[in-house]
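Here is a short briefing for a first look.

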Amino acid sequence: MSVENNESYSPSEIEPKWRERWESEEIFKAPDDASDPVYVLEMFPYPSGDLHMGHLKNYVIGDLLVRLLVSDGRNVLHPMGYDAFGLPAENAAIQRGINPRDWTLGNIETYRETIRQLGLSYDWDRELATCDPEYYRWTQWIFLHLYRNGLAYRKSSNVNWCPSCQTVLANEQVEAGACYRCESIVSKRKLPQWYFKVTDYAERLLKDLDLLDRWPERVRVMQENWIGRSEGANVTFPLLGDLRDTVAGDTEIAEPGLQVFTTRPDTLFGATFMVLAPEHEWMEQIVAVSPNRDAVTAYIEQALLKSEIERTSTDRVQDGVDTGLEAQNPLTGEAVPIWVADYVIESYGSGAIMAVPAHDERDHAFAKRYDLPIRVVIEPAGEVEAPSDEAWTGPGTLINSGEFNGLTVSEAIVKTSEHLEATGQGGAAVTWRLRDWLISRQRYWGAPIPMIHCDRCGIVPVPDEDLPVLLPEGEIDFTPRGKSPLQAVEEWVAVSCPECGEDARRETDTMDTFVDSSWYFLRYCDAKNDQQAWDTEKVDHWMAVDHYIGGIEHAILHLLYSRFIMKVFHDTGHVKDVEPFTSLFTQGMVLRNGDKMSKSKNNVVPVGPFVKEWGADTARITILFAAPPERDFEWTDEGVQGAFRFLGRVHRLCTRQGDIGRQFHAEGHLPMDEMGSGAQAVYRKTQQTLKKVRHDAYGFHFNTAVAALMEFYNELSRFEPDSEMDRMVMGHGLGIFVQMLAPFAPHLAEEHWSRFGEPDSIFRTRWPEPDPAGLEEETITFIFQVNGKLRGEVEVPAEEAADKEAMLAAARSHENVARYLEDGEVIKEIFVPGKLLNIVVKAR
């Protein structure tokens with residue numbers, strides 16, 4: 001595809017000078033003492049190479065909004081930075097035999113140059129990169145802040161392990177049982193890891209979703225489901241026999257019991273066996289005393305190779321193994337067998353369930369397979385009969401349940417919970433699907449966790465004055481081997497304990513990159529502060545982010561973690577807001593050849609070469625006009641050429657009418673009673689378009705705003721001014737047209753604003769207000785005929801008079817016209833838009 005001959009429109013001549021002027025005049029610099037502040041932010045990019053059009057949509061949306069707000073006199077913070085740590089850079093460096101820092105900084109330079117070619121409206125004084133020591137110094141301080149407030153801790157647990165990336169993953173980073181980066185099947189591995197205690201904030205993270213009424217409902221539902229609040233009861237099943245003695249000896253718990261969370265405590269009398277997750281915390285003790293030790297061990301080894309999705313699938317036959325051990329049902333006193341089965345997941349509840357096969361479909365299938373007891377404890381209400389060979393999961397009345405017989409299910413849930421609490425065997429409880437945030441990563445290219453391991457003092461935080469803990473440089477083997485490459489850098493690992501001065505060792509895990517991105521929006525408010533992460537007054541001036549723009553793929557990970565960090569710092573007095581993002585917009589993807597643009601699919605359109613050939617404004621109009629911004633759209637050559645032709649026509653119109661534009665573009669509201677009909681139509685269209693474009697742009701209906709501009713261009717291009725008033729109307733229309741065009745195609749708009757004689761940037765000029773007189777709808781007399789004879793007329797808006805269906809409906813509701821239609825058969829309808837409708841009928 002090549003640029004067609006478009007006469008004098010040459011983006012390569014027009015665009016560079018305006019980009020330079022915007023930067024030199026600091027048009028989009030955001031002073032910290034600005035009144036009427038607005039914070040617009042796109043999710044910052046991972047610098048993996050040059051930008052392509054799939055990336056650009058996000059930034060064009062934010063840039064348009066900023067230019068619109070600036071033209072409305074608002075002071076806008078619109079910064080740019082780079083999410084620069086992470087596995088992709090480390091993997092690329094391994095492939096090329098270079099340091100990830102060199103790879104990343106080179107990509108950042110490419111990104112920066114490409115973004116500047118686009119003329120995007122960033123305050124470059126606030127630019128940051130998360131791999132910069134001056135940034136990750138404060139990421140490490142945030143870790144320590146959480147640690148000192150009891151919200152960061154280390155423990156050994158079964159974690160998600162990606163065999164390809166050779167590192168652990170948070171639960172949120174496992175998608176359909178696979179690594180969210182490389183799609184390798186994830187397994188489990190027991191390792192000591194660092195966690196953030198996000199579960200302490202589960203209730204508030206859920207409740208405060210109600211504050212986010214300007215977020216997409218889809219995203220709020222995704223977060224609600226991920227947080228996953230469940231109401232029910234905790235129940236303790238005392239251990240029996242050798243298992244009780246072994247666990248008591250290892251844990252120093254006098255009377256150990258299996259802790260179970262259930263949403264159906266009313267069915268406790270029907271619990272005839274227990275099932276534990278293969279990762280259960282007491283599995284080591286269970287294996288040690290199990291009479292079926294070999295079978296249990298073999299089953300666990302196989303279970304841990306399966307993904308969580310595979311284990312919990314309802315399509316597979318559930319299997320398990322009997323440990324030969326028992327616990328005691330706290331209400332019946334009966335001994336119940338303990339099984340291990342992989343359909344129970346450690347991360348839900350306590351990793352143990354009470355199985356009630358008469359009233360749970362999964363438990364019923366398991367009991368039937370292994371011939372385990374099935375005891376009915378719920379009888380359907382009324383004349384409903386429970387199925388003879390299926391679990392009854394509906395409402396009913398308790399039976400075979402001792403003192404609870406005769407209670408309804410809802411009554412029994414309350415009563416059994418109260419009984420459990422009164423007897424010290426459990427009680428009403430809430431549990432969450434949300435797990436604590438695992439932040440440890442066994443890779444080099446991340447912020448080092450600022451902790452020190454001392455044999456005498458234990459785990460000791462690095463003092464604040466010693467931050468940042470810098471990543472070592474030099475000859476480092478980055479090859480993933482299941483442990484951090486930092487462990488091999490002995491001169492870096494060896495350190496003195498800050499408390500006792502003895503020899504100690506640095507923590508060699510680095511932080512999950514989502515820690516870096518969980519607070520970057522705060523740093524932008526005070527990006528150059530070398531004394532603290534941010535100044536509270538500056539953050540409170542700009543925050544919360546008024547408009548946050550990014551992909552739906554971040555609905556859980558980044559957005560949830562950012563909300564957590566914001567609440568922590570609100571609670572510790574560092575920020576006033578409890579939520580970081582007031583409004584969230586999730587844009588659709590850019591497709592090519594039916595697939596998402598991706599280097600791996602070889603279907604990307606690089607931004608840099610495109611801008612050199614077609615211009616940044618063409619890229620913007622192509623993206624903004626193609627589809628509603630929340631939807632995916634297909635990038636096509638035809639779309640590019642259409643956008644380029646439109647801009648070329650605008651350029652020629654403004655050039656051809658340049659004298660009129662220079663003379664009359666600044667005209668205010670004009671007297672309509674002094675205009676001819678043609679001038680009135682143009683003036684009215686000017687006001688209507690101004691109102692619509694503003695409304696649609698602020699409502700993120702960019703495609704319809706561009707369509708309105710195209711329609712208005714057609715109106716202006718048809719108008720041939722004769723009189724002085726005509727020339728004033730044309731000049732007025734051209735001036736407003738260029739101002740409306742400015743957020744969409746800013747370079748071309750600036751060019752013609754300057755040619756109209758304006759010395760200042762168009763973005764220093766306030767967005768005009770439409771003339772109310774021009775917004776009044778023009779009405780015309782529309783004629784109705786039946787068989788060519790006048791049968792009625794109505795006064796209607798001109799727009800409605802051009803709509804055939806609307807005029808047919810009006811004709812049928814017109815009393816006199818309807819009288820001539822009721823006994824005839826309509827043969828033909830002759831419609832002349834804006835003038836008449838002739839309905840031809842014949843007698844029945």
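Phe763 is buried in this predicted model, with a relative accessible area of 3%. The structure holds 44 aromatic pairs.

**Phe28 and Phe763**
- The ring centres of Phe28 and Phe763 lie 5.9 Å apart.
- Their planes meet at 55°, so the pair is tilted.
- Phe28 sits in the loop between helix H1 (11–24) and strand S1 (37–42).
- Phe763 sits in the loop between helix H26 (746–755) and helix H27 (772–775).
- The pair therefore ties together parts that are 735 residues apart in sequence.

**Phe85 and Tyr136**
- These rings have centres 5.4 Å apart and planes at 50°, so this pair is tilted.
- Phe85 is in the loop between strand S3 (81–82) and helix H3 (87–96), while Tyr136 is in helix H5 (residues 133–148).
- The two residues are 51 residues apart and link distant parts of the chain.
- Both Phe85 and Tyr136 are buried.

**A ring cluster**
- Ring pairs join Phe143, Tyr147, Trp194, Phe196, Tyr201, Trp437, Phe514, Tyr561 and Phe564 into a cluster.

**Helices H23 and H25**
- Helix H23 (residues 677–698) packs against helix H25 (residues 724–741) at an angle of about 15°, with the axes 9 Å apart.
- That angle makes H23 roughly parallel to H25.
- Their crossing is left-handed.
- The contact of H23 with H25 has eight nonpolar, five polar and one charged residues.
- Residues meeting there include Leu690 and Val693 in H23, and Ile736 and Met740 in H25.

Notes: Residues are numbered from 1 along each chain as its sequence is written. This is a predicted model: local features need pLDDT of at least 70, side-chain atom pairs count only at pLDDT 80 or more; totals for chains, interfaces and linings use all residues. Side-chain values use heavy atoms; hydrogens and water are left out. Axes are lines fitted to C-alpha atoms, for helices over the stretch in contact, and angles run from 0 to 180 degrees between N-to-C directions. Helices (H or I, at least four residues) and strands (E, at least two) are DSSP runs, numbered from the N terminus. Angles under 35 degrees count as roughly parallel, over 145 as roughly antiparallel, 65 to 115 as roughly perpendicular and the rest as oblique. A crossing is left-handed if the near helix is turned anticlockwise from the far one by less than a right angle, and right-handed if clockwise. Contact means heavy atoms within 4.5 Å. Ala, Val, Leu, Ile, Met, Phe, Trp, Tyr, Cys and Pro count as nonpolar, Asp, Glu, Lys and Arg as charged, and the others, Gly among them, as polar. Rings of Phe, Tyr and Trp (its six-membered ring) pair if their centres lie within 6.5 Å; planes under 30 degrees apart count as stacked, over 60 as edge-to-face and the rest as tilted. Buried means under 20% relative accessible area, exposed over 50%, partly exposed in between (1.4 Å probe, protein chains only).
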